[in-house]
Amino acid sequence: MTEILPADPSGISRAATLLQQGALVALPTETVYGLGADARNGTAVAGIYEAKGRPSFNPLIIHVADVDQARRYGRWSDTAEILASAFWPGPMTLVLPLAEGHGLSSLVTAGLDSVGIRVPAHPTARAILRALGGPVAAPSANPSGKISATTAQHVLSGLGGRIAAVVDDGPCTVGLESTIIVLNQPRPTLLRAGGLPSEAIEAALGAPLDVADGAEIIAPGQLASHYAPHASVRLNAQAATDEEVYLGFGAASGRGPDDLTLSASGDLVEAAAHLFDRLHALDRLRKPIAVAPIPETGLGRAINDRLRRAAAPR
């Protein structure tokens, strides 16, 4: 049975103890719920791959309590300092060259010489990380390729009985995975759009980001078919057919009793927070999903990235 732990000192202590023992614990962050394991424990990290059915070539992000911990695992730079000072704690992951003597399991990096690191803003996640005193590898707490979890119930629906515990601290506020920036290349490079708009990162750097071509898998969320519901997904749909359910946005809203909207007002922040929850709800109907057009600006880029992966052939 998967324990449901409260987000209080007793639950935080229990979660840290389970992680120290090599167990898997789903923990809340501001982005999505993460499936956590001690990133220094290879057996525990292997349990993440097993529980999720995750491809072994897809690396994992480690979560740490603060910048001092981040410096232990990734080789620091002036650019890393600028971005960490501006956006940590928060929904940004930095891919850095591995530091000497890092002590991480090779399964975390999938054999690469770099690692993705994040300092989450969620107070419960940070309390668990402080109690553990080390890094937690924590991909999204869902079966690989399926819809990410933004509530504890989503976690239990996908992984109940396969992990030791989930810490229930309500729904995630951002609702999208972190933005990933690669710093082990000649120029800072956007690898994955996410919960922090790339425009804000470019403003902090005073220069545009390069954009990865996606040919090489060097961080999570790069597989073509990802975040996939059971039924097919059709994008940029102005309306649903009789056989489909509709996921609307702004003025494009469905008419059927089962149709939902990401944001009736066309608010991209609201849409991001609702994305996975709405996909979960529609997926339970086991009908094809038609999705309204979403603007390719700000958080819309990350939303469209997730939707394109959900709609990819599989």
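1. Let's start at Thr 93, which sits in strand S5, residues 92-97. (Helices, H or I with at least four residues, and strands, E with at least two, are DSSP runs numbered from the N terminus.) Thr 93 is buried, at a relative accessible area of 0%; buried means under 20% relative accessible area, exposed over 50% and partly exposed in between, with a 1.4 Å probe and protein chains only. Leaving aside neighbours within four places in sequence, Thr 93 is in contact with Ile 61, Gly 116, Ile 117, Arg 118, Ser 178, Thr 179, Ile 180 and Ile 181, where contact means heavy atoms within 4.5 Å.

2. A word on what you are looking at: this is a predicted model, in which local features need pLDDT of at least 70 and side-chain atom pairs count only at pLDDT 80 or more, while totals for chains, interfaces and linings use all residues. Residues are numbered from 1 along each chain as its sequence is written, and side-chain values use heavy atoms, with hydrogens and water left out.

3. S5 and S9 run parallel and are joined by 4 bridges; two strands pair if DSSP finds at least two bridges between them. Met 92 has Thr 179 as its bridge partner in S9. Strand S9 covers residues 179-182, with Thr 179 and Ile 181 pointing one way and Ile 180 and Val 182 the other, and all are buried.

4. On to strand S10 (residues 189-192), which runs antiparallel to S9 and is joined to it by 3 bridges. Ile 181 finds its bridge partner there in Leu 190.

5. How many strands does the open sheet have, and in what order? There are 11, running S1-S8-S2-S3-S7-S4-S6-S5-S9-S10-S11, with mixed pairing. Strand S1 (3-6) and strand S11 (210-211) stand at the edges with a single partner strand each, so one side of each has no neighbour in the sheet. Elsewhere, strand S4 (residues 61-63) pairs with strand S6 (residues 114-118) in the parallel sense over 3 bridges, and His 63 stands opposite Arg 118 in S6. Helix H2 (residues 42-52) packs on the sheet, where it touches strand S3 (34-38) and strand S7 (136-137), and its direction makes about 150 degrees with that of S3. (Axes are lines fitted to C-alpha atoms, for helices over the stretch in contact, and angles run from 0 to 180 degrees between N-to-C directions.)

6. Next, a helix pair: H1 (residues 9-20) and H6 (residues 123-132) pack at an angle of about 50 degrees, with axes 9 Å apart. H1 and H6 are therefore oblique to each other; under 35 degrees counts as roughly parallel, over 145 as roughly antiparallel, 65 to 115 as roughly perpendicular and the rest as oblique. On the H1 side the contact is made by Ile 12, Ala 15, Ala 16, Leu 19 and Gln 20, and on the H6 side by Thr 124, Ala 127, Ile 128, Ala 131 and Leu 132. Those residues divide into 8 nonpolar, 2 polar and no charged. (Ala, Val, Leu, Ile, Met, Phe, Trp, Tyr, Cys and Pro count as nonpolar, Asp, Glu, Lys and Arg as charged, and the others, Gly among them, as polar.)

7. Another helix pair: the axes of H4 and H8 come within 10 Å and cross at roughly 125 degrees, which makes H4 oblique to H8. Thr 79, Ile 82, Leu 83, Ala 86 and Phe 87 of H4 make the contact with Ala 200, Ile 201, Ala 204 and Leu 205 of H8.

8. What about the loop between S10 and helix H8 (198-205)? Ala 193 has its place there and, at 17% relative accessibility, counts as buried. Leaving aside neighbours within four places in sequence, Ala 193 is in contact with Ser 178, Thr 179, Arg 301, Ala 302 and Arg 306. Ala 193 and Leu 176 are 17 residues apart in sequence and 9.3 Å apart in space, C-alpha to C-alpha.

9. Finally, some backbone details to look up. A cis peptide bond joins Trp 88 and Pro 89, with omega about -5 degrees, and Pro 89 is in the loop between helix H4 (78-87) and S5. Asn 236 has a phi near 55 degrees, a positive value in a residue other than glycine; Asn 236 is exposed, with a relative accessible area of 53%.
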